[in-house]
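Me: I would like to learn how to read aromatic rings and surface patches in a protein model. Could you take me through them?

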Amino acid sequence: MDAEIAWWRLLVAALATWRLAHLLVVEDGPFDLAARLRAGLGAGALGRALDCIHCTSLWLAAPLACFVTTEPGLWWAVWLALSGAAGLAHRATEPPVTLQALQGETDELLWTGPRPGAEPAGREPEPPDTASHALRRGTATAEPDAATRFDGPRA
């Protein structure tokens, strides 16, 4: 296959993989078809596959890899590359999520003092100074730093 044709086929297949995966997992689709499909599949194996854009892109990339190459040895690499490109496109287009501490709110799961039964005598060792410990002690700043930023789930 001509190298000049191969790159545009790879690009088109990568964009198609991302677009279809995004449509099936994130969007409702025209006439709510994607939402109905997800609801109809329920909590079964296929329904769970449509919960994750990375999982969905893996399955969609398999037939689209045939558009790029018909060589069996190269097909595996193209299949994984298409799914990876779709995952990168998803990460690039999703807005980052930033976690911030709520001022004045407490949670019974976040200990503010020594835990019962942790160390009966003496005081609890001081935790390292990290963002999560600052949240626990209530000393976190209003503006989160890079350690408290959450860019989405990792697969």
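Here is a short talk about the rings and the surface.

Reply: Happy to! Keep in mind that this is a predicted model.

Me: How is a pair of aromatic rings described?

Reply: One gives the distance of the centres and the angle of the planes. A search of the whole structure here turns up four aromatic pairs.

Me: Which residue has its charged end over the ring of Phe67?

Reply: That is Arg9, whose charged end sits 4.9 Å from the centre of the Phe67 ring.

Me: What is the arrangement of Trp75 and Trp79?

Reply: Trp75 and Trp79 are stacked, at 5.3 Å centre to centre and 20 degrees between the planes. Both lie in helix α5 (residues 72-93), four residues apart, which is about one turn of the helix. Ring pairs also join Trp76 with Trp75 and Trp79 in a cluster.

Me: Are Trp75 and Trp79 buried or exposed?

Reply: Both Trp75 and Trp79 are buried. Trp7, in helix α1, counts as exposed because its relative accessible area is 52%, over the 50% cut-off. Trp8, at 36%, is partly exposed.

Me: Which residues form the nonpolar patch on the surface?

Reply: Trp7, Trp8, Leu11, Val12, Leu15 and Phe67 make it up, with about 590 Å² of accessible area together. Helix α1 (residues 3-25) gives the most to the patch, with five residues.

Key: Residues numbered from 1 in each chain as written. Predicted model: local features only at pLDDT ≥ 70, side-chain atom pairs only at ≥ 80, totals over all residues. Heavy atoms only, no water. Patch = residues over 30% accessible without salt bridge, like charges linked within 9 Å, V, L, I, M, F, W, Y side chains within 5 Å. Areas by Shrake-Rupley, 256 points an atom, 1.4 Å probe, with all protein chains shown as cover. Salt bridge = Lys/Arg side-chain N within 4 Å of Asp/Glu carboxyl O. Helix = DSSP H or I, 4+ residues; strand = E, 2+ residues; numbered from the N terminus. Buried < 20%, exposed > 50% of the residue type's maximum accessible area, 1.4 Å probe, protein only. Phe/Tyr/Trp six-rings, centres within 6.5 Å; stacked < 30°, edge-to-face > 60°. Lys NZ or Arg CZ within 6 Å of the ring centre and 35° of its normal.
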